[in-house]
Amino acid sequence: MYQDKEGPYSKIAGTGGYLPEKILTNADIEKIVETSDEWIVERTGIKQRHIAGENESTCDMAEHAARQALEMAQCKPEDIDLIILATTTPDRIYPSTACLLQERLGCIGAPAFDVQAVCSGFVYALTTADKFIKTGAAKRALVVGAETYSRILDWEDRGTCVLFGDGAGAVVLEASDEPGIFATQLHADGRYNDILTVGGQVNQGEIIGSGFTAMNGGEVFKFAVTHLSKVVKEVLADNNMQADEIDWFIPHQANMRIITATAKKLHFPMEKVVTTVSEHGNTSAASVPLALNIAVRDGRIQRGQTLLLEAIGGGFTWGAVLLKF
């Protein structure tokens, strides 16, 4: 929505990620619902996904990812003065999972809150933290995306249960005199609220309606490709940049067909696109920071490179972040 010409800037100082130990392959899903590995791979590109253990919570996974990011940033928990946690699957109705994470880490006193923008959650949270730092309201923020999405899936619905997995990713965002986040764009259109939703409500201790994910896959695909390419063009225009100046494109890992179609529309070569969807499935708010962390730790992403992050989620919500790592 804007581009700052002068500092202070916010810059990623560390990344972290966590995936549960349990792996659910397409062969495993074939035993649960009428589908096949060939059908899943052809339509989604997904081969496996990680599933949280019975006693493993969203906060547990967030803590693992957060501590990794803090270690890379050479930062102690007490140095953090803002926690924003993006999740669709909080551990409680309240308090926020961000507050639960704050207790675990021991950085008491810093503002801590959750962001609910479904799969766009991390992009929304990162953008929000960027604004805190650029206005001087925070100097060092912990931004996390964490999901136990498997717990809101109907395992008899092959249209949704094959798509999602669990995990967490995190970054430490610090104030810097050097450019970090250049530009951000966030959007939403609530008219599409029924296309991808969990429609149930809690009333007197019971769920009224459905507690499972419902999705119109064809409509999601059409909307995603059109609006993701549009928001990427917006954020590039904010900084007077062209697509060929981007070193790495890190999209939301929803579906390989969406990623490929968006990259093609933007003329991004696939060798510059970070993809984890085949191994992780769609981890919702965790997908972008998980993909970022993996590419940082395997050496593909280097300091000084320009990255473009984007995501779209139920709402619909969507957004993009342009930054120098």
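1. Gln204 is exposed, at a relative accessible area of 77% (exposed means over 50%, buried under 20% and partly exposed in between, with a 1.4 Å probe and protein chains only). Gln204 sits in the loop between β11 (201–203) and β12 (206–208), where strands (E, at least two residues) and helices (H or I, at least four) are DSSP runs numbered from the N terminus. Its phi is near 55°, a positive value in a residue other than glycine.

2. On provenance, this is a predicted model, in which local features need pLDDT of at least 70 and side-chain atom pairs count only at pLDDT 80 or more, while totals for chains, interfaces and linings use all residues. Residues are numbered from 1 along each chain as its sequence is written, and side-chain values use heavy atoms, with hydrogens and water left out.

3. His267 also has a positive phi in a residue other than glycine, near 65°. His267 belongs to the loop between α8 and α9 (277–280) and counts as exposed because its relative accessibility is 68%.

4. Gln253 lies in the loop between β14 (248–251) and α8 (256–266) and counts as buried because its relative accessibility is 0%. Its side chain reaches the backbone oxygen of Pro251 at 2.7 Å, and a polar atom of that side chain lies 3.0 Å from the backbone oxygen of Val274. A polar contact is a pair of N or O atoms within 3.5 Å; within protein, one must be able to donate a hydrogen and the other to accept it, and residues adjacent in sequence count only if both atoms are side-chain atoms. Leaving aside residues up to four places away in sequence, Gln253 touches residues including Ile259, Thr275, Asn282 and Ser287 (contact means heavy atoms within 4.5 Å).

5. Phe325 is placed in the segment after β16 (317–324) and counts as buried because its relative accessibility is 4%. Not counting residues up to four places away in sequence, its contacts include Lys11, Ile12 and Thr15, and also Val296, Ile301 and Leu307.

6. The axes of helices α3 (residues 58–72) and α4 (residues 97–105) come within 10 Å and cross at roughly 55°. Axes are lines fitted to C-alpha atoms, for helices over the stretch in contact, and angles run from 0 to 180 degrees between N-to-C directions. The two helices, α3 and α4, are therefore oblique to each other; angles under 35 degrees count as roughly parallel, over 145 as roughly antiparallel, 65 to 115 as roughly perpendicular and the rest as oblique. Ala, Val, Leu, Ile, Met, Phe, Trp, Tyr, Cys and Pro count as nonpolar, Asp, Glu, Lys and Arg as charged, and the others, Gly among them, as polar.

7. Helix α7 (residues 217–238) packs against α8 at about 40°, with the axes 9 Å apart. This crossing of α7 and α8 is right-handed. Among the residues making the contact are Phe221 and Leu228 of α7 and Ile258 and Leu266 of α8. The contact divides into 8 nonpolar, 3 polar and 3 charged residues.

8. One runs from Tyr94 to Pro95, with omega near 0°, and Pro95 is in the loop between β5 (82–86) and α4. Another joins Gly315 and Phe316, with omega about -15°; Phe316 is in the loop between β15 (306–313) and β16.

How values were computed: A crossing is left-handed if the near helix is turned anticlockwise from the far one by less than a right angle, and right-handed if clockwise.
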